[in-house]
Amino acid sequence: MINNIQALRAFAAINVVFLHVIKTASTYGQSTDYLSFLAGWGANGVDIFFVISGFVMLHTQMQKKRHTGAFLKSRIIRIVPIYWLITLFVVAVYYAVPGIFRSMELSGTIILSSLLFSSLLVLGEPPIVYVGWTLEWEMLFYFVFGLSLFLRSWVHVFLVVSLVLAGVSLASGDFISLEFLFGMAVAYFYNKGFEIREKTGVLIFVFGMLLLCVSLSSELEVDPTNRVIVWGVPSFFIVFGLLFATQISNRFLVYLGDASYSIYLVQILTIPAFYKVSSIVLRPVNGDVLSILCLISSVAAGCLVFSLIEKPMTKKMKRAFS
C-alpha cells in the first residue's frame, strides 16, 4: 500500500470521529467553544474515503486483475466480519440493557437491513451502526465495479461504472457516489505512467487542502447535491497530489491508516461511553479538553480493536476462504 494514502486514511477516519465527538458533546451539555468552528467539517472524511476507495479498487486491479468472484469475495472478507460483529454487539446490548440507549428502537427489519447493507434503500434511514450508511454506498460501488471486471478495457470499465453511478445519483438526488469515479480516474492515470515532480505533487496536495478548508466558512452550506463539488473535488486533488509527493515513512501514521476501518466503526461505542463516564467523573473539565480526550480515547480503542480483533479475524477469514 502507498504510505501517503494510508496516512490520508487515518486523517479521514479521525476527521469523521471528531465530527461525532463535537456533535455528541453538545448533547451532553459540553460546549466546545474553541473547536465549534469545526462542527460539521469533519464529514469530509467520508468524501476522502470514497475517492481513496475508487483509487484503490482500480489501482489494485490494474496491478493484478482478479475475476468478479475473487474481487467480491475479497471485499466481503475485508468489510463484513468486523461490521457484523459490532452490529450484533449493539443488538445484544440493546436487548440486554435497553435503557442504555437514548433513542434507539430495533426490529427484525432494521437488524436484517443493517446486516445486508440496505438500510438506506429499504428504510430510508441509517443502519444500526449509523456510520454504516457510507458502507452501503461502498458495497454498491464494489458490486457495480466487480460486475464490470469482465470487460477487457479499463476505459470501458470506467464508462460502465460511471453510467450506473450517474443513474443512481440522479434517481436518489445524492451525488456522493460520483466521488468513486474521481478515485478511479486518478488510478487510471497513475498506472498508465503519468508522472509529475514530487514538488508539484506537494503543491497539488496543498491546493486540495486549501479547497477543503473553504467549507469552514459558515456561509457555505453543504448538501447532497453540492457535496461532490465542495468536498469531492478537493479530495481528488489531495489524493492525486499525495501519490506523487514524497512518500512518508512514519510507521505510526501508516499503522493508523491500517486501523482506520476499526477506528471509524468503533466510534459509535466509544464516544457515547466516554461522555457517559466523563459526565460523572470529569464534570469540572473544560468541554474542549474533553473533546480532545474523547478523540484520543476513540482512536486508541479503534487501534486496539484493529490489532486484537479485526486484523487476526481477517487473516483467518482469508485462510478459510482461500
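Predicted model: local features only at pLDDT ≥ 70, side-chain atom pairs only at ≥ 80, totals over all residues.
**View 1. A nonpolar surface patch formed by L85, L304, L308 and I309.** Together, these four residues present about 380 Å² of accessible area. The element that gives the most to the nonpolar patch is helix α13, which spans residues 287–320 and supplies three residues. One of the patch members, L308, is found in helix α13. L308 has a relative accessible area of 62% and is therefore classed as exposed, the cut-off for that class being over 50%.

**View 2. A positive surface patch that includes R66 and K311.** The patch is formed by K64, R66, K311, K315, K316, K318 and R319. Within this group, R66 is found in the loop between helices α2 (44–63) and α3 (68–96). The relative accessibility of R66 is 33%, so this residue counts as partly exposed; residues in that class lie between the limits of 20% for buried and 50% for exposed.

View 3. With a relative accessible area of 30%, G173 is partly exposed. When neighbours within four places in sequence are left aside, G173 is in contact with P224 and T225. For the pair G173 and P224, the separation in sequence is 51 residues, while the C-alpha to C-alpha distance is 7.1 Å.

Notes: Residues numbered from 1 in each chain as written. Heavy atoms only, no water. Patch = residues over 30% accessible without salt bridge, like charges linked within 9 Å, V, L, I, M, F, W, Y side chains within 5 Å. Areas by Shrake-Rupley, 256 points an atom, 1.4 Å probe, with all protein chains shown as cover. Salt bridge = Lys/Arg side-chain N within 4 Å of Asp/Glu carboxyl O. Helix = DSSP H or I, 4+ residues; strand = E, 2+ residues; numbered from the N terminus. Buried < 20%, exposed > 50% of the residue type's maximum accessible area, 1.4 Å probe, protein only. Lys, Arg positive; Asp, Glu negative; His and termini not counted. Charge placed at Lys NZ, Arg CZ, Asp CG, Glu CD. Contact = heavy atoms within 4.5 Å.
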